[in-house]
Amino acid sequence: MKASKKIDMTQGSIMRQVLIFALPICAGNVLQQLYGTVDTLVIGNFCGSVSLAAVGTSSQPVEMLLCIFLGLGTGVSILVSQFSGSGDGKSQREIVATAISFLYICAIPLAVIGQFAGPLVLKIMQVPPDTWDLANSYIRIIFIGTLGNMGYNMNAGILRGVGDSRASLLFLLVSCVVNIALDLLFVAGLGMDVAGAALATMLAMYCSWLFSVAYIRRQYPELGFTLLPKRLNKAMLAAIVKIGLPLGLNGSIYSVGHILMQSLINMQGSVFIAACAVSGKVTGIANVAINSLSSAATTFSGQNLGAKNYVYLKKGGLQIPLFSGLITCIAGLLVTFFSRPLLSLFTKDPAVLDFAVRYIRIVLPFTWTFAVFNGIISFVNGMGEVRFPTIVNLLMLWAVRIPVGYLITYFIDGGYVMACLPISFAFGMLCMLSYFFSGQWKKIKEQAACQQEETVS
């Protein structure tokens, strides 16, 4: 193992350590955006707007069915980071072994369930008839890649937990190169349309997962990582479920809400669906800092809680969300200014382009509020405190975004339904800022003050 790959966030400059940790994830997020963007570029240029709409509307059913496990995977990452901070190697090995077994228990049945549940969800979403067959084909193929998708995400989470964020970049690079090559072969070369894009994505997922397994086994032999399951520690499984299940259920319920929102988009027709799919890729590029800094916030708080470093917890809890919001604000304004030439790379259809530009101009200038919100939530989750963030997340979606979306659609103009996003982001940010007036934050400040006094004396 090369210790230099691991980042100890319990010492040194907070933002320097956070940025060193976050930059590879940010680069990985750019690759991940490229991963999806290539699909959109190839399909948009070789297939047309109906195919674009099919891919755009198919992501929600996959997200809904995967969210519970991805939440549990986040639970694994949080526990690994806490054990890393406290130096408990035995518990790290047990949590990793349990996670591998749990992966197979969940992923294989879910791949089968997805073949039947995916098309059912598409019906509920009122997918337009002209996109139905293509969307159905895409979703069935993608679900075959469930094991690879879940396996990659779990392995990346384990590595983030031990402080290695650079590995995710390597995994995504492998996946991105495979995806681009196969996209060009299947879609542009063989004319397989949406099915070709799905097949390319599915094969790329498996390549990335298998590469991550080989990497962990070579670089971190002390974790005892295996490809196939060996044992399941009931106590560790209970710990994973305690932290991860609320996150997973929150994500799954959130995805149900996304499906309702996608239904509102689908009601506007395939041109509007295609516009939202294209603009989603561009907003994703502008927002790459959000996920990377949020991942850093989770690992930071987990490591420092495990090390009982309350001085760093207090400082990082304020600095990380602020920095994330600032970066996202600058990026959002720049992309908004250049939105039309950027969007024209994906489509030449004037109607699609006009709707996409509208989406960008309404949403992106305010996405910084989501960055602050997500930074605070990730910090709190990293300490294992998932109840309050879960409640806020659900309120943001079900009490604000969905009702506002329906009000806009039915009483104003469905072509402006995306305005519900910045409204819900601002609500979520204000709710999470209240955490800094909570009893838990007060306790962290008191313990930080005691540690500072001890250092001085």
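**Close-up views of a predicted model**

**View 1. Helix 11 and helix 14 cross in a right-handed manner.** In a right-handed crossing the near helix is turned clockwise from the far one by less than a right angle. This is a predicted model, in which local features need pLDDT of at least 70 and side-chain atom pairs count only at pLDDT 80 or more, while totals for chains, interfaces and linings use all residues. Residues are numbered from 1 along each chain as its sequence is written, and side-chain values use heavy atoms, with hydrogens and water left out. The axes (lines fitted to C-alpha atoms over the stretch in contact) of helix 11, residues 310-337, and helix 14, residues 368-382, come within 7 Å and cross at roughly 155°. That makes helix 11 roughly antiparallel to helix 14, a term for angles over 145 degrees.

**View 2. Phe 225 belongs to the largest nonpolar core.** Such a core is a set of buried Ala, Val, Leu, Ile, Met, Phe, Trp, Tyr and Cys residues joined through side-chain atoms within 4.5 Å, where buried means under 20% relative accessible area with a 1.4 Å probe, protein chains only. Of its 65 residues, Ile 95, Leu 103, Leu 159 and Phe 225 touch the most other members.

**View 3. Ala 198 lies in helix 7.** Because its relative accessibility is 0%, Ala 198 counts as buried. Leaving aside neighbours within four places in sequence, Ala 198 is in contact with Tyr 138, Ile 141 and Ile 142.

Key:
Axes fitted to C-alpha atoms, helices over the stretch in contact; angles between N-to-C directions. Helix = DSSP H or I, 4+ residues; strand = E, 2+ residues; numbered from the N terminus. Parallel < 35°, antiparallel > 145°, perpendicular 65-115°, else oblique. Buried < 20%, exposed > 50% of the residue type's maximum accessible area, 1.4 Å probe, protein only. Contact = heavy atoms within 4.5 Å.
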